Structure formats: C-alpha cells, structure tokens
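This report concerns the fold of one chain and the contact it makes with its partner. The sequence and structure are shown first.

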Amino acid sequence: MAFYHALQIEETRCIGCSRCMKICPTEAIRIGGGKAAIQEHRCIDCGRCYEVCPAQAISIKDDDFSIFRKYPHSVALLPSVFLGQFPDDISVSKVYASLYELGFAHVMEVESAAIIYKEAKEKYAREHPDIRPLISSFCPAIVRLIQIKYPSLAENIMPIKVPLDLSAMYALEELTRRGVPREQIGLFYITPCAAKVAAVKAPVGEEKSIIDGVINMNMLYNGVYKHIKDVGKSHQFPPVTRHRLSADAILSTLTNGERRLCSAKRSYAIDGIQNVMDFLDKLENDEVEGVEFLELRACDQGCAGALLSCDNRFLCGERMYARARRAAERERNGEMPRDREMDQYKDYLIDNSQLDEVQPRSMMVLDENISKALEKMERIERLKTHLPQIDCGVCGAPTCEAFATDVVCDKAHLQQCVFYRLHLEAQGKMTLNEGRSNMYSVWGDDRISGEIDV
Amino acid sequence: MHQEYTVVEGDFVNAGKASSSVKKTLKQLNVNPQVVKRVVVALYEAEVNAIAHAYGGKVLVDIDADKIKMVVADKGPGIPDIALAMQEGYSTARPEVRDMGFGAGMGLPNMQKNVDKLNVTSEVGVGTTVEMEVNFN
C-alpha cells in the first residue's frame with residue numbers, strides 16, 4: 001500500500017550529508033548511493049528533515065502558485081499564522097487587500113471555524129464518555145505519528161474535521177447559496193507545513209478533501225510582500241470587509257490554543273515531536289492517569305513554528321498575541337467577532353464534521369506472522385550484540401538497531417557496517433577494494449578526491 | 001524469546017523500563033494493541049511493587065507465538081496474606097511511597113484484571129514471585 005507524502009528529496013540537490021537521517025523522529029531516512037531516501041511507510045511529514053537540510057534538497061509538493069487564477073471564485077483559505085509573518089507596519093487589512101489585488105476573489109481565515117471545531121469536539125466528547133483521553137485531530141503530523149508508532153492510541157484521536165475543512169465547507173456552502181456553480185469555485189489552502197499538504201491530498205478518515213489546491217505559504221508571503229513594495233507607499237488599497245476573528249480563534253493554532261478553550265478537568269498541551277513522543281510513551285503504558293484531553297502539536301510553539309513560517313516562531317507568536325489582544329479589546333467593547341457569521345451554518349458544519357475512525361498502520365511490525373517476527377527479532381538481538389552500538393551512521397542507517405533491523409529484513413547488507421568490514425579485512429576475508437566499494441555503495445564514490453595536503 | 005531485566009529497590013525513577021521495552025517488542029511482533037496494553041499495565045504494576053516493597057529483583061520475560069510469560073521475582077519481606085493483598089485498596093505501602101503517587105492498593109488487583117493467568121507465591125522474610133501470562137489470541 002502506498003502512502004502519499006508531501007515531502008520529497010530532490011536527488012540532484014541531495015549531497016548525502018545524512019543530517020536528515022539523524023534527525024528524523026521516526027527513523028524514516030536511509031542513505032544509499034550517496035543520496036538520502038525516505039521510507040514511505042515511516043514518514044509522517046513532520047518536516048524536521050526539511051529544516052536541517054543544508055542543500056535545500058527537500059521540498060514540499062505544493063501546487064503551482066498561480067493555479068487559483070483559473071477560478072473566477074478563488075478562495076484563499078488562510079491560516080492566521082500567515083498574518084503573523086508580517087512586520088507591524090504591514091497591517092492585517094493591507095495583507096487582505098493585497099490578496100484581493102493579487103487575484104483572489106475571496107479571502108477567509110481558516111480559524112474562523114475554530115470555535116465550531118471546538119463545539120464539534122465537545123459534542124464528540126459528550127457522545128463518547130468511554131474514550132479518554134481524547135486526542136485532538138488538529139495536527140496531521142501527530143495523527144500520522146499515532147497511526148504508525150502508537151497504534152493502540154489511534155482510537156483516542158477524535159475523528160473530527162479540523163478548522164481548515166470546516167471553513168472550506170462553509171465557503172463552499174456560502175458561495176453555492178449565492179448561486180455560484182462548483183466548477184467556478186476554487187478552494188485553496190495556504191499551507192504553513194508539509195503535513196497539512198498530505199492531509200489535504202490524502203486525508204485520514206475520508207475519501208477525498210473538497211480543497212482544490214495547496215499553496216506554499218512562503219510563496220504567497222513573497223507574493224504579497226513584493227506586491228506591497230511594488231505598489232509603493234502612496235498606493236490606495238481598496239477597503240476590505242475582512243473577517244475580524246475572535247481572540248480565541250486567532251490563538252487557536254498556537255500551543256495551548258485548544259487546551260485553553262477546553263473544559264476538561266485535566267488536559268495537556270504538548271508541542272515538539274520529541275516531547276509528544278515522550279508523553280505518548282508514558283500514556284501508552286497507562287502511567288498517566290485521569291487525562292481527559294490532549295492537544296499535541298508536532299512543531300514547537302504550534303503553527304507559529306511551522307516549517308513554512310518564515311519568521312522566528314516567537315516573533316510570529318507575539319504578533320498573533322498582539323492581534324488577539326486587540327480583538328479581545330473590541331469584544332469587551334461589545335463588537336461581535338466576525339467569525340460568528342459562520343454561526344448560521346453551525347449545525348450543518350457540526351453535523352458533517354465527523355470523519356471515519358482513525359486506523360492504525362503500524363510501522364513497527366517485523367512480520368505479519370508472529371512466529372516469523374519472533375525469529376527476526378531474535379536475529380536482530382543477536383546481531384545487535386556484534387555491532388559497535390555507537391550509532392555512527394556510516395552504514396547509511398540512523399542507529400545500530402535500525403541497521404540490524406534493516407539487515408534482518410533484507411534491506412541492508414551487514415558489510416555496510418564499517419567496523420564489521422575492518423574485522424573482515426583484518427581476517428583476510430575481504431579485500432581493501434571490496435571494502436571500499438561497499439563504502440561507495442552507501443556514500444557514493446566522490447567523497448574524497450585526490451591527495452590531501454595539509 | 002527470552003528477556004531479563006533487573007529491578008532496584010527504591011528506584012522509582014526507572015519504574016517502567018522493563019514494561020516499556022516489552023511493549024516495543026510486542027509492537028514489533030504485531031500483537032494486538034489492546035493485548036499489548038494489558039501486558040504493559042500488568043508488568044508495570046509488578047515492577048512498581050518490586051521497587052516499592054522489596055529489596056530489588058528480576059523480571060524474566062518469555063515470548064512465543066501464542067503468549068507472553070512474565071515472572072517478577074523479588075527478594076523482600078514477602079506477603080503474609082496473599083488473599084488480603086489481592087483486595088482492591090489494601091496496601092502496606094510506606095507513607096513516603098504513597099506520597100510519590102504509588103501504593104494505592106491497586107497493584108495486584110490491576111494485574112489480575114489484565115492477565116489471563118496470575119500466580120503469586122510468597123514466603124515471609126524471603127520474597128515474592130509473581131507469575132503472569134497473557135495469551136495473544
């Protein structure tokens with residue numbers, strides 16, 4: 001079975017430095033022939049590899065930036081972190097106006113649906129009192145992490161459509177009500193990360209997403225920034241009727257954004273994939289008692305720290321807090337946040353927010369047949385005792401243990417271990433040339449050229 | 001396949017090391033996640049018991065295609081009345097152990113609930129051996 005992935009390695013750019021292999025939290029990357037390759041069934045599209053790649057060889061499969069222009073009713077589904085990217089002198093209204101001038105017919109922040117999402121989760125919690133803790137479906141990298149690494153917790157994920165899907169449903173309903181035919185409507189998500197691309201292109205818990213395309217947030221940032229510079233300071237931007245989000249909605253994608261709105265007696269908001277894994281390990285052992293709700297995010301600081309958030313995560317986060325404070329001030333003065341406009345569709349959205357249950361698809365299984373799996377495991381254990389256990393990575397796998405598993409599952413040769421090769425060479429069982437060609441098979445043959453003179 | 005772990009008296013920091021390791025093994029063997037959960041919960045309780053009540057011990061794990069056998073054998077004060085110890089809420093844990101969140105008297109009952117076979121043998125002043133079995137199917 002093939003899994004869709006939004007992250008891809010461009011072979012021509014990859015320098016085989018193995019930084020990605022060492023940082024990957026699910027050990028999904030191996031080096032071969034001097035290039036990194038992603039093992040599909042293990043990748044969760046978290047993007048840690050993208051962040052560390054020094055050669056920009058890892059890219060996100062987004063759609064062509066200009067496709068939205070093909071649709072008379074193109075809708076930009078904007079994450080509020082996009083607005084957090086811009087310095088203070090570029091106001092929210094200016095960004096909205098620029099998006100219209102760039103050709104979007106409609107602009108809508110996906111967090112407009114944050115409060116409806118919250119209510120859909122509360123409804124699910126009421127209807128499923130036997131499932132605790134409930135885990136938020138918000139972060140698609142976390143949903144995939146649980147599927148592959150914590151299969152016993154898959155049933156704890158609330159199968160509820162996230163604000164992105166709910167806001168897309170709302171936009172579609174509203175435009176349809178106004179008499180716009182579906183083929184004229186183009187729903188485009190401006191994505192801050194790779195996992196959201198995968199979530200749109202290959203959703204978990206439903207057949208197909210209604211979203212028509214995904215635009216890289218960095219590309220749009222460049223587009224908007226350039227537009228503002230191009231039109232100059234004296235440019236009169238058209239007045240915009242923009243969605244004034246509530247403070248709660250603006251903050252919802254940051255760490256604690258969901259937890260602060262939930263009424264659970266005990267809940268945790270955890271960000272950073274390693275922190276999440278540490279916690280899930282404990283949770284899976286039943287070592288954490290009485291937890292009712294978990295907000296888990298792959299990125300430090302939530303979406304402000306997303307892959308395609310081009311500014312520093314703390315600067316971006318603070319801008320969002322500043323915007324939320326202004327919104328809260330307006331709310332105190334009696335102004336109704338515009339996200340309430342969605343309220344007329346609330347029942348429809350909540351009724352259609354349910355997804356199919358999240359299915360586990362464990363990456364850990366050595367063999368479907370337990371006897372064969374046991375046999376493999378015993379071989380892995382034996383092999384491990386012979387390996388150096390220093391996780392040097394010269395074999396092309398991130399750890400000795402991962403390498404032992406690869407060898408037993410016929411995905412690697414034992415001769416790829418440099419220590420084992422030296423051992424064989426010392427015993428006269430392998431020639432220097434054979435050893436060298438083994439090394440080249442993993443790292444390529446151009447690592448060292450010519451004489452070294454220091 | 002056979003695995004062994006050592007449990008050290010009073011070392012609550014490392015409580016759960018054996019059960020975590022066993023969990024990883026069972027996941028790799030494609031054992032049903034709900035069964036894995038039962039094994040892990042039971043073994044964790046037994047580990048904590050050996051840490052809290054005894055002077056350390058050993059965890060012996062044997063896995064074959066149908067089931068897992070776990071033996072937690074400690075050297076310690078032993079249990080004078082096993083039937084009493086099996087009752088929910090009965091605990092002899094010291095106050096400082098309870099302060100750490102352990103010793104609620106749910107250990108043995110929780111093991112009983114999660115395993116298919118449980119056998120506790122004990123000799124006062126010598127130690128306690130908890131044998132547990134969980135079938136995979």
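What radius of gyration does chain B have, with its 137 residues? It has 14 Å, which agrees with the value near 14 Å that a compact globule would have; the radius is taken over C-alpha atoms, and the globule rule is 2.2 Å times the number of residues to the power 0.38.

This is a predicted model, in which local features need pLDDT of at least 70 and side-chain atom pairs count only at pLDDT 80 or more, whereas totals for chains, interfaces and linings use all residues. Residues are numbered from 1 along each chain as its sequence is written, and chains are lettered from A and ligands numbered from 1 in the order in which they are written.

**Chain B**

Five helices and five strands form the secondary structure of chain B, in the order β-α-α-β-β-α-α-α-β-β from the N terminus. Helices (H or I, at least four residues) and strands (E, at least two) are DSSP runs, numbered from the N terminus. Along the principal axes, the C-alpha atoms of chain B fill a box of roughly 40 × 30 × 25 Å.

**Contact between the chains**

Two residues are in contact if their C-beta atoms, placed from the backbone, lie within 7 Å.

| Chain | Residues in the contact |
|---|---|
| Chain A | 19 residues |
| Chain B | 20 residues |

On the side of chain A that touches chain B, helix H11 (273–284) and helix H14 (370–386) each supply at least two residues. H14(A) gives the most to this side, with six residues.
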